[in-house]
Amino acid sequence: PRHQNFIFAAKTVPARFVGGDFYDFISIGDKQLGILLGDVSGKGVSAALFMARLMSDFRYICQVDPAPGVVLKNINNILSERSRRGMFATAIYILLDLNEKKLWVSNAGHHSILIRDRMNRFVEKGEAGGVPLGILPHTEYPQQEIQLQDGDLVFLYTDGVIEPKNRENQPFGLNGLREVILKNQGSPQDLIHKLNI
């Protein structure tokens, strides 16, 4: 998306030819944007097909009522009814008010959001946890309101960013990710390039 108040950047690289990680930007009227990131269990074609249908469901459901807690609850109920055994997804969903620079976030078993402020301090929001989508019907997903400030960098990620290991078999990890984010003072596109993903 393009907007005068924000710069967006995103990238996905499948572990194999196709994968189950997904993201989407969903326009909701003129003033709001839905931002979705998630990870379907497993890899390969079955995960990709599950992900494609899930993203279609998200695009429809968030137009009815875009509140993140409501969206995740409704999506979870749909997936719980039709999910194949063992197929589920973690997801984090954000509703962003583009003019007020405010966001609401709800988490279904995914990683927290990392926010680096203009003083180079980190906060985690949309705390990790919650039941992944497609496991337990009628689950409630709390949502959190966050007021953004000019200069804030909001970073969402999946396991594919923090789990790779170096030659010494040490995972990149959350600390490695934080270090790269702190050192990067360029654009969001620069940050993705420096992460080499």
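Of the contacts between residues at least 6 apart in sequence, 63% join residues at least 24 apart. The model is predicted, and the values below are computed from it.

Five helices and eight strands make up the secondary structure of the protein. Along the sequence the pattern reads β-β-α-α-β-β-β-β-β-β-α-α-α. The radius of gyration is close to the value that the globule rule gives for 197 residues, so the protein is as compact as a globular protein of that length. Whole-chain values are collected here.

| Property of the protein | Value |
|---|---|
| Radius of gyration | 16 Å |
| Globule rule for 197 residues | 16 Å |
| C-alpha box along the principal axes | roughly 45 × 45 × 25 Å |
| Buried share of the 197 residues | 44% |

An open sheet is formed by three strands, with antiparallel pairing and the order β6-β5-β8. Strands β6 (122-125) and β8 (153-155) are at the edges with a single partner strand each, so one side of each has no neighbour in the sheet. From one strand to the next, the twist averages 25°.

The pairing of β5 (residues 113-116) with β8 is antiparallel and runs over three bridges. Within this part of the sheet, leucine 114 stands opposite phenylalanine 155 of β8.

Which helix lies across β5, β6 and β8? Helix α4 (residues 173-183) does, and its direction is at about 35° to β5.

Definitions and conventions. Residues numbered from 1 in each chain as written. Predicted model: local features only at pLDDT ≥ 70, side-chain atom pairs only at ≥ 80, totals over all residues. Heavy atoms only, no water. Pairing = 2+ DSSP bridges. Helix = DSSP H or I, 4+ residues; strand = E, 2+ residues; numbered from the N terminus. Axes fitted to C-alpha atoms, helices over the stretch in contact; angles between N-to-C directions. Contact = heavy atoms within 4.5 Å. Rg over C-alpha atoms; globule rule 2.2 N^0.38 Å. Buried < 20%, exposed > 50% of the residue type's maximum accessible area, 1.4 Å probe, protein only.
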